[in-house]
Amino acid sequence: MKAAIIESVGKAVVGELPDPSPGPRDVVVEVAACGLCGTDLHILQGEFAPTLPVVPGHEFAGEVVALGSDVRTLAVGDRVAVDPSLHCHECRYCRDGRGNLCERWAAIGVTTAGGAAQYAVAPAANCVRLPDHVRTEDAALIEPLSCAVRGYDVLRARLGSHVLIYGSGTMGLMMLELAKRTGAASVDVVDLNADRLATARRLGVTGSAANADELDRPQGWDVVIDATGNAAAIQDGLERVAKAGTFLQFGVADYATRVKIDPYRIYNQEITITGSMAVLHSYERAAELFAGGVLDPDVFISDRLPLAEYPRALDRFAAGMGRKIVVVP
């Protein structure tokens, strides 16, 4: 089969690999589309994936073409989206219901071969059937949406909150859509990328700017969400949180990223700083929301490129071009 391969730090190629076979409780999925994510850039930089080479791609959907001997819940021909999470179910965090913090955390497309290929193997338990009206090639959006749902689980958003989001890439836009649906009184977005900011305005924001100083909220925001992983954005966002407000680190920063905090202000103003890691009990809910039309795929997916152009797709993504880029085997 044809597959994208991150061979070593800074090097991604497309090559031929043997067709995969399912384990007893696995299925083989013929991939219809696979989304690119900031995590893929981190893997390219030598972060996250424990070993290279690896076939990336943790956002994918497709059709089941082969079943393991013990699979009873799916059939050949089922169209599915795949939760990439692989938890050990044995460590203290898994046993406490916090599998996203698993001590042996793994994920399809990060630690094992993923969906940037013609075929991918996944546990049957990780597959969610798609309803007839959902296009398989759009369903790669379900995985990032499930991360956004997890983010709002962490926030436990209060009705009437004023929300500020840094970044209007795919994840920032998803956080925007969910903010509107969780009762935010206002949602402002900050981004240096004018094209992406225009998309945020198209989806409906209270305010948008290249700098939060341009927005009219001198008292700060109840909820500030970083969806960039960028140190400057994170630092600025921490300083925009209102009294009793919450800062959510949602964007994935490089390992070396550092910012400064003001401990006295955190104490005195009862500010909460928290994070949201990947997916936790949110994939099925994201699939339901997606089927219900919470996102418009034609707005969110800006580029559909052939798998053979995976290195170019990575370059476009790294350059901040477009919104969600998917590759199609």
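Colleague: Which residues lie nearest the centre of the second largest pocket?

Modeller: Please note that this is a predicted model, where local features need pLDDT of at least 70 and side-chain atom pairs count only at pLDDT 80 or more, while totals for chains, interfaces and linings use all residues. Residues are numbered from 1 along each chain as its sequence is written, and side-chain values use heavy atoms, with hydrogens and water left out. The second largest pocket is lined by 18 residues (a pocket is an open set of points on a 1 Å grid over the protein atoms alone, with protein on both sides within 12 Å along at least five of seven lines; lining residues have an atom within 4 Å of a point). Nearest its centre lie Asp83, Ser85, His87, His89 and Asn126.

Colleague: Which elements give two or more residues to the lining of the second largest pocket?

Modeller: By class, this lining has seven nonpolar, eight polar and three charged residues (Ala, Val, Leu, Ile, Met, Phe, Trp, Tyr, Cys and Pro count as nonpolar, Asp, Glu, Lys and Arg as charged, the others, Gly among them, as polar). Elements are DSSP runs numbered from the N terminus, with helices being H or I of at least four residues and strands E of at least two. Those giving two or more residues to the lining are β6 (85-86) and α8 (283-291).

Colleague: How much space lies in the largest cavity?

Modeller: The whole structure has one cavity of 30 Å³ or more, a cavity being a set of grid points where a 1.4 Å probe fits but cannot get out. Its lining includes Tyr152, Arg158 and Val223, and divides into seven nonpolar, three polar and one charged residue. Points are joined across faces, edges and corners, and a volume is the space filled by probe spheres set on them. For the largest cavity that comes to about 50 Å³.

Colleague: Why is one side of each edge strand left without a neighbour in the sheet?

Modeller: The open sheet has six strands with parallel pairing, in the order β12-β11-β10-β13-β14-β15, where two strands pair if DSSP finds at least two bridges between them. The reason is that the edge strands, β12 (207-209) and β15 (272-275), each have a single partner strand.

Colleague: What angle does the direction of helix α3 make with that of β14?

Modeller: Neighbouring strands of the sheet are turned by 15° against each other on average, direction ignored. Axes are lines fitted to C-alpha atoms, for helices over the stretch in contact, and angles run from 0 to 180 degrees between N-to-C directions. Helix α3 (residues 142-155) packs on the sheet, touching β13, β14 and β15, with contact meaning heavy atoms within 4.5 Å. Its direction makes with that of β14 an angle of about 150°.
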